[in-house]
Amino acid sequence: MHGFGHDLTVVALGVLLGGMVFFGAITAPTVFAKLPPETAGPFIRALFPRYYAFIVAMSALAALGLMLVGMSLTALVVVMIAAVTMFLWLEWMPHLNALRDAGEQARFARGHRLSVWINGAELIAAFLVLVGMI
């Protein structure tokens, strides 16, 4: 039988991974496929702060669970996911929005691609932590 910390970690990471995969694989592509660009862009912009808040909240819960089971170094990995997400949310996303609004499509595309890679690295890190817990 596992304790509360273990169960909290597994559930938080499972919800985190499910949410990240659903947003990236289902939500964003569907929005851009079904809505006109002038509607899809603002709609996705409105979702991103909530998406990032979700990642931070689930990461914080997972880190708490890891601390409760004495896995401080592993908790640091999950705290880093939250910290990087906070940077993306509070600094990088406004920067990308400003680039897009200024019509700097090439710079926006490079920045967006970088944020997608970072998000993928966070997903892989969370997955590896989860695999280590089960």
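What share of the contacts in the chain with a separation of 6 or more comes from residues 24 or more positions apart? In this predicted model, such residues account for 70% of those contacts, a contact being heavy atoms within 4.5 Å. Residues are numbered from 1 along each chain as its sequence is written, and side-chain values rest on heavy atoms, without hydrogens or water. Local features require pLDDT of at least 70 and side-chain atom pairs pLDDT 80 or more, while totals for chains, interfaces and linings use all residues.

The chain contains 4 helices and 0 strands, in the order α-α-α-α along the sequence; these elements are DSSP runs (helices H or I, at least four residues; strands E, at least two) numbered from the N terminus. The C-alpha trace spans about 55 × 25 × 20 Å along its principal axes.

Of the 134 residues in the chain, 33% are buried, that is, under 20% relative accessible area with a 1.4 Å probe, counting protein chains only. The largest nonpolar core has 30 residues; such a core is a set of buried Ala, Val, Leu, Ile, Met, Phe, Trp, Tyr and Cys residues joined through side-chain atoms within 4.5 Å. Leu13, Leu16 and Ile55 touch the most other members of this core. Helices H1 (4-34), H2 (37-68), H3 (72-101) and H4 (105-133) each supply at least two of its residues, and H2 gives the most, with 9 residues.

Leu13 also illustrates contacts beyond its sequence neighbours. With those within four places set aside, Leu13 is in contact with Ala62, Ala126, Val129 and Leu130.

Key. Buried < 20%, exposed > 50% of the residue type's maximum accessible area, 1.4 Å probe, protein only.
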